[in-house]
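Me: I am new to reading protein models. Could you take me through one, feature by feature?

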Amino acid sequence: MVKVYLDHSATTPMHEEVLKAMNPYFVDRFGNPSSIYLLGQEARQAVEHARSQVADLINCSAGEIIFTAGGTEADNHALIGYALANKDKGRHIIVSSIEHHAVLETAEFLAKQGFDLTLLPVDNQGTVHPDYLKEAMRPDTILVSIMHGNNEVGTIQPIQELAEIAHQGGAVFHTDAVQTVGKIPVDVKDLNVDMLSLSGHKIYGPKGIGSLYVRKGTRVASFMHGGGQERRRRAGTENVPGIVGLGCAAEIARQEMAQEAKRLQHLAEKLIKGILQSIPDTYLTGHPHNRIPGHVSVCFKYVEGESILLMLDHMGVMASSGSACTSGSLEPSHVLLAMGYPHEIAHGSLRLTLGKSNTEEQVDYVLEVLPPIIERLRAMSPLMK
Ligand SMILES: *Cc1c(COP(=O)(O)O)cnc(C)c1O
């Protein structure tokens, strides 16, 4: 059967080159980077090489990169680490209402520990306006965290302006850039951010590895306690193969990004146009232009996202829906609700995220199978009567 993978925002297959780069570090070069003999020092060199590959991708120095066990840990490290190290300066934290759960739940955890939390609203295209942040800033605000690109609706935020406002108010700025790193240029100096999270498996690298960029001079409490790895900021023997894989994925992304983004943008535009033209009562969610290349997110009135996913799966198409994220729950996506969509529309969300393997033929195939699926589901829907 046809297999069309359209869920690259959930995870990506690992690049062959990445696997090749990692392979020696499982058995032959298995050394502990902290050991003084050659086997250990080879592993150390590999880790440091990977650190500069990641640093090059986001334009920082290697010493500003901490390796973590993924995007979730990087987000936790940024928020908890900064809040704990700077609680004497103030206890107010600001995050947007459309953050990934890795930021949202961490911020809520901090609120339970006695920090004050403000959730910023977004407009109906999922943009956090700089004015919203201006209004929310207080003298005791220490940290602002707003994601670069949204994983559900693809909207890209005006990070430069937002970071500027945070800085003017004396706060530091963190951005979860898991969905934008490797897809669009992400330059921490340009964006003027103090901390930034990224993840390996969203950029054709391995799962369970990521990085937190921490601008030199920013005080962050160590996240794991134990050995002195990662300059005492993240204890635990380094995941050497994972780190090597992330470095390799970062290097490939840096080389291929510009061309691939253009290709994905073209495919996504074709998909969006085709869907909106052939299926009535359909809404494109997120910003119409300011969005992650290859990110298609729509809502179909009168249908359930999960039924669309099941029927697409029968046709060999793998996709996702905002409401399916928190598996088993019928709560629609917090992102779509924050954008002002009523429950009955938010329930019918579909996300198609394109990547390296996708072709024009696959887009044509989706445009062929999707309209009859929606039509069938609507014919069965009690909401249509
Ligand atoms: C996937 C994702 C994460 C979590 O990264 P993991 O490496 O899977 O822990 C965090 N933020 C965003 C925006 C994501 O898309």
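Me: Is R232 buried or exposed?
Reply: This is a predicted model, so read each value as computed from it. Over 50% relative accessible area means exposed. R232 has 58% relative accessibility, so R232 counts as exposed. R232 sits in helix α8, which covers residues 229-232.

Me: What is the phi of R232?
Reply: Start with the general idea. Most residues other than glycine have a negative phi. Now the case here. R232 is not a glycine, yet its phi is positive, near 65°.

Me: What about Y302: what is its phi, and where does it lie?
Reply: Y302 is not a glycine either, and its phi is positive at about 70°. Y302 lies in a loop, between β10 (295-300) and α10 (305-314). Its relative accessibility is 24%, so Y302 counts as partly exposed.

Me: Now cysteines. How many disulfides are there?
Reply: A disulfide is a covalent bond between the sulfur atoms of two cysteines. To count one here, the two sulfurs must be within 2.5 Å. The count comes to 0. Take C60: the nearest cysteine sulfur belongs to C248, and that sulfur is 18 Å away.

Me: Are C60 and C248 buried or exposed?
Reply: Under 20% relative accessible area means buried. C60 is buried at 9%. C248 is also buried, at 14%.

Me: Let us look inside. How many cavities does a search of the whole structure find?
Reply: The search finds 1 cavity of 30 Å³ or more. The space in the largest cavity is about 300 Å³. Its lining has 27 residues, and those closest to the centre are G182, K183, Y204, E260 and L264.

Me: Which helix gives the most to the lining of the largest cavity?
Reply: Helix α9, residues 240-278, gives the most, with 8 residues. Next, sort the lining by class. There are 12 nonpolar, 10 polar and 5 charged residues.

Me: Which domains does the lining draw on?
Reply: Domain 1 (4-11 + 257-380) and domain 2 (16-252) each supply at least three residues to the lining of the largest cavity.

Me: And the largest nonpolar core: which residues touch the most other members?
Reply: The largest nonpolar core has 64 residues. Those with the most contacts to other members are I58, L133, V144, F173 and L196. Helix α9 gives the most to this core, with 10 residues. Domain 1 (4-11 + 257-380) and domain 2 (16-252) each provide at least three of its residues.

Me: Stay with helix α9. How accessible is R263?
Reply: R263 is in helix α9. Its relative accessible area is 30%, so R263 is partly exposed.

Me: How do I read separation along the chain against separation in space?
Reply: Take two residues. Note the gap in sequence, then the C-alpha distance. R263 and P293 are 30 residues apart along the chain, and their C-alpha atoms are separated by 8.6 Å. S357 and P13 are 344 residues apart in sequence, with 9.2 Å from C-alpha to C-alpha.

Me: Where is S357, and how accessible is it?
Reply: S357 is in the loop between β12 (349-353) and α13. At 43% relative accessibility, S357 counts as partly exposed.

Me: What about G154 and L38?
Reply: G154 and L38 are 116 residues apart along the chain, and their C-alpha atoms are 46 Å apart. G154 lies in the loop between β5 (141-145) and α6 (159-168). G154 has 0% relative accessibility, so G154 counts as buried.

Me: One last residue. Is A379 buried or exposed?
Reply: A379 is exposed, at 59% relative accessible area. A379 belongs to helix α13, residues 360-380. A379 and G348 are 31 residues apart in sequence, and 15 Å separates their C-alpha atoms.

How values were computed:
Residues are numbered from 1 along each chain as its sequence is written. This is a predicted model: local features need pLDDT of at least 70, side-chain atom pairs count only at pLDDT 80 or more; totals for chains, interfaces and linings use all residues. Side-chain values use heavy atoms; hydrogens and water are left out. On a 1 Å grid over the protein atoms alone, a cavity is a set of points where a 1.4 Å probe fits but cannot get out, and a pocket is an open set with protein on both sides within 12 Å along at least five of seven lines; lining residues have an atom within 4 Å of a point. Grid points are joined across faces, edges and corners, and a volume is the space filled by probe spheres set on the points. Helices (H or I, at least four residues) and strands (E, at least two) are DSSP runs, numbered from the N terminus. Ala, Val, Leu, Ile, Met, Phe, Trp, Tyr, Cys and Pro count as nonpolar, Asp, Glu, Lys and Arg as charged, and the others, Gly among them, as polar. Domain bounds come from an automatic or database domain assignment. Buried means under 20% relative accessible area, exposed over 50%, partly exposed in between (1.4 Å probe, protein chains only). A nonpolar core is a set of buried Ala, Val, Leu, Ile, Met, Phe, Trp, Tyr and Cys residues joined through side-chain atoms within 4.5 Å.
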